[in-house]
Amino acid sequence: MKLELGEIQIKDIQFADKSEVKDGVLYINKEEVEALVLEDEKLAGCKLDIARPGDKTRITPVKDVLEPRVKVSGGGEIFPGILGKVSPAVGEGRTHALKGCTVMTVGRIVGFQEGVVDMSGPAADYCPFSKTVNLCVVIEPNGELETHVYEKAGRMAGLKVAQYVGALGKDVEPDNIITYETKPIFEQAAQYPDLPKVGYIHMLQSQGLLHDTYYYGVDAKQIVPTVMYPTEIMDGAIVSGNCVAPCDKVTSFHHMNNPVIHDLYEHHGKDVNFMGVILTNENVFLADKERHSDMVAKLCKWMGLDGVLISEEGYGNPDTDLMMNCRKVEQAGTKVCLITDEFPGKDGKSASLADTCEEATALSSCGQGNATLQFPAMDKVIGMQDFIESQIGGWAGCMNEDGSFEAELQIIIASTIANGYNKLAARGY
């Protein structure tokens, strides 16, 4: 598949009578977008707000973050199987992306694993979304909705707004166009026969109980490991629907902008032959973990891969899936480098991962989520701070009367995200 990604740089978002992209500014008709969200009877309220880099603004509880994109040519539609038609598949032709801005869903908490974004102050250094202009979609559920119903309503609200905003860039001339291409497997192997064949094992959060991810609209719990073109992910084939720990939550934005995929494309044809993505999930039952890790290793061998990068989402239980994949892939003859974050406790004395294996000899750390940080009071809060003490990373008594608080890095969206879209790392000695 060959995809041209047209990047349209957005410098600011402003509310206006007409929604459009003009001279690098995203203009939004506030009433029109709020009415779009409230088409869902499960939501009783919707309010749009804007958060800019450097603002003394805190956004919480954050549910998902999306980058507005639109298919311009090549068939398929953004977010296939959820909003877009499921066939034809995405990943080909031309897609336009509004860079430098996001759509961010916010509102009364669904589960305790929803996070914080500070647009300034010490916490801003740990979050990529402190550097983007964020269109915040603050939702209010209609009564006491069951948690899964509320999560879906919030997820769909974000997707619909991102689709609406992305469409504004369809006829805009991009500032930059980047071409990505992955050929069918035998053609790809033959293109660079002297370079090591490298793949990416992308583990999706799929443990249920608000820990879900969607592939072409299908709950990832229902899939078995499969091979996909990297460009499909850039068109929204994978959508987040989970409330895992904010620090390593892979938002829908991070799927579309997966740094492992982008870095492998950077090296493609130079020092590696990037063969594609093996998609798998994170299971609850041991038999499923064994079965799926067997399939992952089989796919690596079938593709003739010399090496793979493996990333996970979450920690604890998924560490076992990570290590099973590592062990079996190595035993099948493919070299492995793991990408993950660490949780050694506040004192740093506990094991960083819940599981390990002898074959795990190469690992890239994205930092540790148990370190604590002081969060100063902000002039403005988009959403509400009512849940800080119960959000993961917070604790009873961590909140002060002036709105400041102390919490672990876990409470910050994407602070230690286990695919490298952050600034933290660990140094071995």
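Thr213 has Ser240, in strand β17, as its bridge partner. The model is predicted. Thr213 belongs to the pairing of β14 (residues 213-215) with β17, which is antiparallel and runs over three bridges. These two strands are part of an open, antiparallel sheet of three strands, ordered β15-β14-β17.

Helix α8 covers residues 317-331, and its end C-alpha atoms are 22 Å apart; at 1.5 Å a residue, its 15 residues should span 21 Å, so the two values agree. Eleven of the 15 residues are buried, and the helix is therefore largely enclosed by the rest of the structure. Among the buried residues are Pro318, Leu322, Met323, Met324 and Val329, but also Asp319, Asp321, Lys328 and Glu330. Their cover includes the strands β13 (197-204), β18 (273-281), β19 (307-311) and β20 (335-342), together with helix α7 (286-303). Just after α8, Gly333 adopts a positive phi of about 105°.

The structure contains zero disulfides.

| Cysteine | Closest cysteine sulfur | Distance | Relative accessible area |
|---|---|---|---|
| Cys127 | Cys136 | 11 Å | 2% |
| Cys366 | Cys337 | 10.0 Å | 2% |

A disulfide requires sulfur atoms within 2.5 Å. The sulfur of Cys366 is too far from that of Cys337 for a bond, and Cys127 is likewise in no disulfide. Cys127 is buried, and Cys366 is buried too.

Terms used. Residues numbered from 1 in each chain as written. Predicted model: local features only at pLDDT ≥ 70, side-chain atom pairs only at ≥ 80, totals over all residues. Heavy atoms only, no water. Pairing = 2+ DSSP bridges. Helix = DSSP H or I, 4+ residues; strand = E, 2+ residues; numbered from the N terminus. Expected span 1.5 Å × (residues − 1). Buried < 20%, exposed > 50% of the residue type's maximum accessible area, 1.4 Å probe, protein only. Contact = heavy atoms within 4.5 Å.
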